[in-house]
Amino acid sequence: MMMWFRTHGLTACVLLLVGLFCLGPVLWQAVTSLKPDQDLVRLPPLIPERVTGVHYDRVLLQSSLPRSLANSVVVAASATVTAIVVGSFCAFALARLPIAGKSVILGVALVTSMFPPIAVISPLYLLMRELGLRDTLVAVGLTHAVYSLPLAVWLLTSFFQQLPKELYQAARIDGCTPLQALLTIILPLARPGLAVAALLVFIYSWNEFMFALTLTASDTTRTAPVAVALFPGLYEIPWGDLAAASLVVTLPVAGLALAFQRHIIAGLTAGSVKG
Amino acid sequence: MIIGAFFLLWVSTTFGCTQAGEGTDRASTTVVFKHGKLSGDGRVLSDLLRDFERRHPGLLIREELLPADSDRQHQYYAMNLDGGKAPFDLLAIDTIWAQEFAKAGWIAPLDEVLTPTEREDFFPGPIEAATFQGRLYAVPWYVDAGVLYYRRDLLDRHGFEPPHTWPELARIAKLVLDGEQDSKLAGFVWQGKQYEGLMCVALEVLRSNGTDLWSGDRDRAEYGLRFLRETIATHGITPLSTSMADEESTRWIFGEGHALFMRNWPYAWSMLQQEGSPVRGKVGVIPLPAFPGFRSAPVLGGWMLAMPNNSTQQEIVRELISFLTSPDTQHRIAMELGYNPVRRALYTDESLLELRPLLKDLYPILLGAKPRPVTPYYLLVSQAVQPEVSAVVVGRRSPAEALGIIRRRVEQIMGEQTSPARLGRS
Amino acid sequence: MTERSLAEIKKQNGTIHLSERAWGYLFAGPAFILVGLIALAPITAALWLSLRQQLPIFGIDAFVGFQNYLQLFEDDRFWAACRTTLYFTVLSVSAELLLGFGFALLLSRLSDGGGGGLRWAHVMIILPWAIPTVVSAQIWAWLYQPDYGLLNYLLYAAGITEGRIDWLGDPDWAIHAAVVMDVWKTTPFAALLLLAGLKTVPQELYAAARVDGAGTWEQFRRITLPLLMPVVLIVLVFRTMDAVRVFDAVFVLTGGGPGNSTETLSIYAYKTLFQTLQFGYGSALATAMFVLAALLSLLYVLLLRRHVQESA
């Protein structure tokens, strides 16, 4: 470790600055979440003199946030799987198969993700209500999958295009169907791309507020950001509880990012076949 | 493999939940009660609803919460009520929405719930706000009004009485600030962010000068707006940060002992009196000041209960509204949640006054509180006016200029009730 | 590969007689169906609505053609919101791209050097983005609080500022405060994509360049940048789209104030749709926002097309 610091002194300094920029606000949130209510708006001291677990107690044991976290996991996971599966097939077709109007398809994909959600929310909500999907996790998961599909398709298309054409052609000559070629040859090689796309979709779904707020109505379907929005009262804002809740909501994604990181790196070393 | 597992998880949890939910629905009559999150313990209301259920076997009341943020609630209600297929049977609405929802034909008249004589028991302001074309469209549930908080200890130390007029407030604040020499102390904090709260403050100041934002004497209106700006710019009694302040940020400043006067709603009282609060026992509440020769003009706030036009359970919903606004329930909500009841008789109730002595001081204020302009077009007007008042607060527009725009714009909105072709223009 | 050899493959397979093209449609089909139902249908509905005048409180619901769009031209508040949106977009997207590039290069250098903390460095950089926008807007509102916020306290303690800066209440600061929050929140998106792109650059190219005597900057300009152009394009397009539509972040921070100085198009459209209930005009505003995003994206594609084609 010492050696590393000596050789990477400058990098370490830059890293420290970057870390301060990225983590500073989160750390401050952590500090806030440990302060008793009376000390919340007292500054200085920078480091609180008294700490309390009362906010975490309220958030984890006395609210519906844990249930909402579980909902969020289901929604984000199913949205990710749907978007990545559907998206990689579509992206592969766009990257390697001779279908007509590729640029039109990519354009339409962009259009759908370019349209402001606030204008779509009303018709979408009415559609889901007609389909009988109001207040179900399916509605939220499906919506998140579809609205992140364009990003997934764009990303994966660009990743597939970077893999050498010859790989696919060789697989076809060996007698693979396009399906077999995609599943056995292309996808394993595109793992870093898949991991990045999956992470992006997951985080989008985890964070999305407006659709989730509108499509859900009860504790059994509410996702985590919506549950957090339920903490403030008409006038009063419980900052301590909010701070604790926001950390609790962020933690799973941080863990996931850590896990995915491994995949991104592993994918790079395993798939280092260059054209 | 992993993918398959995820799909199984998805299918099982989502469809599993839906079926379970529908299963319980079929077993009985269900009434869905949609409302914003209440302050305090949500179980108080749940208990009340369970009581009601016990009196009506086979009835199930499902509460569906919305965030307390009233913009989001308005959005949700508009989306659902327009088209007449709202998936709820009872909803809680802000006082300023009653006219709009009634005009749009979204909510049903509730005249039978409250007979005209029974309406006498309520405060007049909310009843006025809920009455559209002679019919009652919502029943007031709890009320609010703007009040002035002051620091009794600071006034005592400098030998002042609480102010009754705005100029007096400014003068006292300046003298106390000079005397205290505390750089952290502010004289007067209020809600100056560009949002509905600013509308309330502006209306209170202008109406207490015998005028109004878009009608009434123009010079006095200009004077009122200038007073707001001058608390920041020339008197120096209001911190710059007021231009982004909402109820909570003013309560923090005042609650930390860093302000002499504060305009706020009554909710702040119990928080200021909490164990460990630096200003505990040092705070007084009085009616908002007025300009010399005029009366204090607090703005009315609060929420009401209404029923969507398409509800299939009209009978039971009316009964439920009746129950939630009955003297007993109002008493309980006031005792346990600290909400200001809508029935005037409760303000002399001994058991209630013992627990919440502030109600005695609030009574005359709530009695005189005036609703924001009672018109279906209030939100159109408010959205057009807010940016202008906010611009005055931060010194981007002169009061005269802003008032000119406000009055022109409002006239346009009101004038185009018959042909509202160009509402979007500013 | 020629058409003939493909035909032979088909014969060899025997069982499945689908053409490449048919496979293509089969693969792309599910995406079409989903997007068509869940995304295109509501969008079509919104576009249709923008051609109507729908005002429930006036009891009006009529087809008016392009009247709503014509009205946009006379609407000063719309043009002001356009300017605010463009200003926000240009500032935040360019800052995000530059910072994101910096982060990505830093991380890729770290992974060259190894070190156990590498994974944590990644997570650290991703973290702001993993926080739901509604929550991070509140975090920043808390930091920006002029009297009790950390930012003013630190600046004052470090002797940089004399008095308190009213970050959100001062019309000159407010929009920039929103930009800083957005940059903090979404730089990770750019960084992550650019990092993934960096990984695909073959190391041999650098080795060859070094043999030719190219310096670090030269390598970056000649190899890294051109090869990364497709990713840069994606980052630019998707970040611009999000910035043009920015809503929750600014809405929670300022609500459009003070004096409308931070009112972006989406906030104006939101208020028009859901506060003042002008459904038709609000939809027209949203469509205008979409057109703005589309124009900007087109601009990027036109500007960067040459680079993208070169590297492809």
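## Strand pairing in chain B

In chain B, strand β6 (residues 139-145) runs antiparallel to strand β11 (residues 300-306), and the two are joined over six bridges; strands count as paired if DSSP finds at least two bridges between them. Helices and strands are DSSP runs, with helices (H or I) of at least four residues and strands (E) of at least two, numbered from the N terminus. The model is predicted: local features need pLDDT of at least 70 and side-chain atom pairs count only at pLDDT 80 or more, whereas totals for chains, interfaces and linings use all residues. Residues are numbered from 1 along each chain as its sequence is written, and chains are lettered from A and ligands numbered from 1 in the order in which they are written.

Within this pairing, D144(B) has G301(B) of β11(B) as its bridge partner. Seven of the seven residues of β6(B) are buried, a residue being buried if 20 or more other C-beta atoms, placed from the backbone, lie within 10 Å of its own, exposed if 12 or fewer do, and partly exposed in between. On β11(B), strand β3 (residues 90-94) of chain B also pairs in the antiparallel sense, over four bridges, and A92(B) lies opposite L305(B).

## The five-stranded sheet

These strands belong to an open sheet of chain B with five strands in the order β2-β1-β3-β11-β6 and mixed pairing. Because β2 (59-66) and β6 of chain B each have a single partner strand, they stand at the edges, and one side of each is left without a neighbour in the sheet. From one strand to the next, the twist averages 15°.

Helix α3 (residues 70-81) of chain B packs on the sheet and touches β1 (29-36), β2 and β3 of chain B, with a direction at about 125° to that of β2(B). Axes are lines fitted to C-alpha atoms, for helices over the stretch in contact, and angles run from 0 to 180 degrees between N-to-C directions.

## Domains of chain B

Chain B is divided into domain 1 (26-144 + 300-368) and domain 2 (147-286), with bounds from an automatic or database domain assignment. The domain centres, taken over C-alpha atoms, are 31 Å apart. Nine residues of domain 1 and seven residues of domain 2 form the contact, where two residues are in contact if their C-beta atoms, placed from the backbone, lie within 7 Å.

On the domain 1 side, helix α16 (residues 358-368) of chain B supplies the largest share, four residues.

## Chain A and its interfaces

Chain A has 13 helices and zero strands. Of its 275 residues, 56% count as buried, and its C-alpha atoms fill a box of roughly 70 × 65 × 30 Å along the principal axes.

Between chains A and C, 78 residues of chain A are in contact with 79 residues of chain C. The chain A side there has 57 nonpolar, 19 polar and two charged residues; Ala, Val, Leu, Ile, Met, Phe, Trp, Tyr, Cys and Pro count as nonpolar, Asp, Glu, Lys and Arg as charged, and the others, Gly among them, as polar. Towards chain B, 28 residues of chain A are in contact with 30 residues of chain B. To that side of chain A, α4(A) gives the most, with five residues.

## Nonpolar core

The largest nonpolar core has 331 residues, and A98(B) and A138(B) have the most contacts inside it. Such a core is a set of buried Ala, Val, Leu, Ile, Met, Phe, Trp, Tyr and Cys residues joined through C-beta atoms within 7 Å. The helix α4(A) gives the most to this core, with 18 residues. Not counting residues up to four places away in sequence, A138(B) touches several residues, including A98(B), M304(B) and L305(B).
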